[in-house]
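This report describes one protein chain, beginning with a term and then moving from the whole fold to single residues. Please read it with the model open.

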Amino acid sequence: MVFATPLHGQERSNGLLAEGTPFETAWHAYDSGVPGPTVLVTGGIHGNEPAGARAAAQIASWTVARGRLIVVPRCNPPALAERTRRLPGLEGDAGDLNRHFPRRGDAVDAPVSEQADRIWTFVLDSEPDVLLDLHEGYGVRAAGSKSVGSSVLTARDEDQDHQQVMLAAINSEIDDPMLSLIHISE
């Protein structure tokens, strides 16, 4: 289901992913009407990390000067409702939606659950230049925590200039260097 509202050459669209299932969730898109990159933001992969879903919901109302912004704030509604990390009733990686997506250099080359397949198909259909998946972390990576919290992870073979610009912008408002976000290439 898709709804579109023209805004002077711009367009805001909304729809549902996984309609009619326990995973039914809204997606939101804003097209500036000006050529530019497509950024896709997801949140709520882990139900015990509600900050990602909340931040994505706020981002869904943003506008952009050029390109497109697409947001799926609540990728795992059952886990968010139960405030659990995993899909309700499943343990380990079998229940971890974040482990259900294709991984480069791994034997897994297709989504391994229906919800991962729905999300992955949506991602591929959206053709994003950037995919930003919002999570919460514990501890601070720069301070030696084993968590990847306070990190920007990429799956590129080479860093790109815009990654450093993004980190510099975010870190410019952080006074304590031990709390700064760091960049990790996978």
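## Terms and basis

A polar contact is a pair of N or O atoms within 3.5 Å; within protein, one of the two must be able to donate a hydrogen and the other to accept it, and residues adjacent in sequence count only if both atoms are side-chain atoms. By this criterion, the side chain of Ser-32 reaches the backbone nitrogen of Gly-67 at 2.9 Å.

The model is predicted: local features need pLDDT of at least 70, side-chain atom pairs count only at pLDDT 80 or more, and totals for chains, interfaces and linings use all residues. Residues are numbered from 1 along each chain as its sequence is written, and side-chain values use heavy atoms, with hydrogens and water left out.

## Whole chain

The chain has five helices and eight strands, where helices (H or I, at least four residues) and strands (E, at least two) are DSSP runs numbered from the N terminus. Their order along the sequence is β-β-β-β-α-β-α-α-α-β-β-α-β.

Of the 186 residues, 35% count as buried, a term for under 20% relative accessible area, with exposed meaning over 50% and partly exposed in between (1.4 Å probe, protein chains only). Contact means heavy atoms within 4.5 Å. Among contacts in the chain with a separation of 6 or more, 59% are between residues 24 or more positions apart.

## Strand pairing

Two strands pair if DSSP finds at least two bridges between them. Strand E2 (residues 10–17) runs antiparallel to strand E3 (residues 25–31), and seven bridges join them. Glu-11 has Asp-31 in E3 as its bridge partner.

E3 also pairs with E5 in the antiparallel sense, over four bridges. There, His-28 stands opposite Val-71 in E5.

## Ser-32

Ser-32 lies in the loop between E3 and strand E4 (38–42). Ser-32 counts as buried because its relative accessibility is 7%. Besides Gly-67, the side chain of Ser-32 reaches the backbone nitrogen of Val-34, at 3.0 Å.

## Arg-68

Arg-68 belongs to strand E5 (residues 68–72). Its relative accessibility is 29%, so Arg-68 counts as partly exposed. The C-alpha atoms of Arg-68 and Gln-10 are 9.7 Å apart in space, although the two residues are 58 apart in sequence.

Leaving aside neighbours within four places in sequence, Arg-68 is in contact with Tyr-30, Asp-31, Pro-37, Thr-38, Val-39 and Ser-126. With Thr-38 there is a polar contact between the two side chains, at 3.0 Å.
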